[in-house]
Amino acid sequence: MKVLFIGDVVGGPGRRGLAATMPGLRERFAPDLTVVNGENSAGGMGITEKTASAPFDAGADVITTGNHVYRHREAYGFLDRSDRVVRPANYPYANPGRGYTVVEAAGRRVGVINLSGAIGLTVARSPFTEVDSILEKIECDFSIVDFHAEVTSEKVAMGWHLDGRVAAVLGTHTHVPTADARVLPRGTAFISDVGMTGSRTSVLGVKPELILEQLITQMPVRFETAEEDVWVMGAAVEVNDGGLADAIEQVMVPAPTS
């Protein structure tokens, strides 16, 4: 079966770009399961029930998140109610939401696990021991992992840690696509970061002049989401009957402008 994974959707431009691009992606990849990282879908930071509806309407089966998941308090109840939106599993257990889910696709039960890196981000438990614990109890035919992490070394290490145990480890959070997509020796598809779905005329989705002002002046600046030259980025993974990957293809396409 085929899994399509879309990287961090940034604000309204990312939501609209995803909606416009998904018909072509469905035709090109014919995915059985589509997973979208939506943690920046609300104004470029966080997620709400309203902004989550856009990826779902575009064809997402599951939405993953990351370190901005709790930015909007109004989302807390939604995170508890929805079994198709997940937040990092290695956050405190009492926090709103769930760290993984299992969905049906093409007659198979697929686990979708969300983890946060521990380097440079705040977590309650190591992502390595947390994913080990989840894999011991999750009931599914195979799993894919969204590893929302800051540094490439931790992401690469997670790929090796899970090689042969999950179908894919797909990195998110940095918004910059990396050139290391491959299937590891034991059958796990890996990429350090799939990139973002948002404006490439930006700094990680934010208007460049605002980021430059902050970096140069070292003063607080209110960020605004950039809107020009929106691209959709992600990865497509072919999963075999054994629950491991046969191939991974990077996705980087400009969103239609009309």
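This is a predicted model: local features need pLDDT of at least 70, side-chain atom pairs count only at pLDDT 80 or more; totals for chains, interfaces and linings use all residues.

Colleague: Where does D246 sit?

Modeller: D246 belongs to strand β13, residues 245–254.

Colleague: And which residues is D246 in contact with?

Modeller: Setting aside neighbours within four places in sequence, D246 is in contact with V183, E238 and N240. There's also A167: 79 residues separate A167 and D246 in sequence, yet their C-alpha atoms are 9.1 Å apart in space.

Colleague: OK, new topic. Which residues touch the most other members in the largest nonpolar core?

Modeller: That core has 23 residues, and M1, L33, F142, I144, L170 and V237 touch the most other members. Its largest share, three residues, comes from strand β12, residues 230–239.

Colleague: What about a second core?

Modeller: A separate core of 15 residues includes L115, L162, L184 and F190.

Colleague: Now the helices. How do α4 and α5 pack?

Modeller: Helix α4 (residues 127–137) and helix α5 (residues 152–162) pack at an angle of about 30 degrees, and their axes are 11 Å apart. Angles under 35 degrees count as roughly parallel, so α4 and α5 are roughly parallel to each other.

Colleague: Left-handed or right-handed crossing?

Modeller: Right-handed, as α4 passes α5.

Colleague: Which residues meet there?

Modeller: From α4 you have P127, F128, V131, D132 and L135, and they meet E154, A157, M158, H161 and L162 in α5. By class, seven are nonpolar, one is polar and two are charged.

Notes: Residues are numbered from 1 along each chain as its sequence is written. Side-chain values use heavy atoms; hydrogens and water are left out. Axes are lines fitted to C-alpha atoms, for helices over the stretch in contact, and angles run from 0 to 180 degrees between N-to-C directions. Helices (H or I, at least four residues) and strands (E, at least two) are DSSP runs, numbered from the N terminus. Angles under 35 degrees count as roughly parallel, over 145 as roughly antiparallel, 65 to 115 as roughly perpendicular and the rest as oblique. A crossing is left-handed if the near helix is turned anticlockwise from the far one by less than a right angle, and right-handed if clockwise. Contact means heavy atoms within 4.5 Å. Ala, Val, Leu, Ile, Met, Phe, Trp, Tyr, Cys and Pro count as nonpolar, Asp, Glu, Lys and Arg as charged, and the others, Gly among them, as polar. A nonpolar core is a set of buried Ala, Val, Leu, Ile, Met, Phe, Trp, Tyr and Cys residues joined through side-chain atoms within 4.5 Å. Buried means under 20% relative accessible area, exposed over 50%, partly exposed in between (1.4 Å probe, protein chains only).
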